[in-house]
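Welcome, and thanks for taking a look at this one with me. Here are a few notes to read beside the structure.

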Amino acid sequence: MEKLTIEPTLNSPGVVLDPVEKLFEFSGESRPENVRNFYIPILEWLEQFAAGDTGPCTFKFNLEYFNSTSAKYILDIFKILHSIQESGTDVGVKWHYEEDDEDMYEVGLEMSRMSGIKFDYVKEEI
Amino acid sequence: MSKSATLVDFEGAITFGTIEILLNTLRDNQEFQKMNKPSKKRLYGIFVESIDNIFKYGAKLPGKSRNSSRTPKIIVMKQKDQYYVRVGNLVLNDDIGDLKFKLDRVNQLDFEALKSLYEEVINKESSASDTGAGLGLITMAMRTDSDIEYSFAPVDADHSFFEMKITLNG
């Protein structure tokens, strides 16, 4: 499967989805002008990825801020990851947050609970 | 120690490009930089969601009206140890019922109930539509202790000027 990489901008996150290198990462801010146009290709890529034999993989989320419209799509990402896990593949999620950003930590807890996939929480020291 | 300060004061058409400028104004502001990180992030988020709300519900008057009671405005202020985000924009009278319903709903709920509502709305809103709103107001309500204050002032037969004020304890 072709890798998908998206360079970060001021308002959209950097995305690396690379099955060969086994690198899966989202980082930065998410409040793109057209949230749907930004996330649909990512969700489609993940659907296709989930349909194949992915092998164990770990997804890193290092998001500084995302708006509520992005939250919907980010939850959709976790739902797809959960479906991969349901099919018996080991899928890890590393949820990074800055040490004093309790809100981001709690959003992680909620995302994990709502999607059914377990997160590992990584506190970033500043 | 200044008791009162204006962090952002903008009036005019708001496009997506304007957001970046307004966010820079906020980030560069000395009062903002003095805030602790968690409050800073909350204020930042409330600011973004407030502007998003203008995009979702903003109406434009046809013609060349430049009456200031119809121009979008956004103000961020500090008063004592509280921060306010006040946004105003023109809305269609047809949207008032929906907005009022969503605002009253979040104002009535406590944090746990807001969390349940958030889950309900995030799962219900189809990814096919960006205009669901609701989630933005819920997110803002979860980050503040006070009610979201709001008002609608009639402008003409089809439009009203909507204002809302979100208070954040610094």
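1. In this predicted model, strands E3(B) and E5(B) run antiparallel and are joined by eleven bridges. To find your place along E5(B), look for B:Phe161, which stands opposite B:Leu90.

2. Now step back to the sheet around them. Its five strands, all of chain B, follow the order E1-E2-E3-E5-E4 in an open sheet with antiparallel pairing. Strand E1 (4-11) and strand E4 (149-154) of chain B are the edges, each pairing on one side only. On average, neighbouring strands of this sheet are turned by 15 degrees against each other, direction ignored.

3. Which strands does H3(B) lie across? They are strand E2 (73-79), E3 and E5 of chain B, and H3(B) runs at about 5 degrees to E3(B).

4. With 16 residues at 1.5 Å a residue, H4 of chain B should span 22 Å, and because its end C-alpha atoms are 23 Å apart, the two agree. The buried residues of H4(B) are B:Leu99, B:Lys102 and B:Val106. Their cover includes helix H3 (37-57), strand E3 (82-92) and helix H5 (111-124) of chain B, along with helix H6 (135-142) and strand E5 (159-169).

5. Finally, the largest nonpolar core has 60 residues, and A:Leu81, B:Phe47, B:Ile138 and B:Ala141 have the most contacts inside it. The element giving the most to this core is helix H2 (residues 68-86) of chain A, with seven residues. Beyond its neighbours within four places in sequence, B:Ala141 is in contact with B:Val106, B:Leu114 and B:Ile148.

Note on methods:
Residues numbered from 1 in each chain as written. Chains lettered and ligands numbered in written order. Predicted model: local features only at pLDDT ≥ 70, side-chain atom pairs only at ≥ 80, totals over all residues. Helix = DSSP H or I, 4+ residues; strand = E, 2+ residues; numbered from the N terminus. Expected span 1.5 Å × (residues − 1). Buried ≥ 20, exposed ≤ 12 C-beta atoms within 10 Å, placed from the backbone. Contact = placed C-beta atoms within 7 Å. Core = buried A, V, L, I, M, F, W, Y, C linked by C-beta atoms within 7 Å. Pairing = 2+ DSSP bridges. Axes fitted to C-alpha atoms, helices over the stretch in contact; angles between N-to-C directions.
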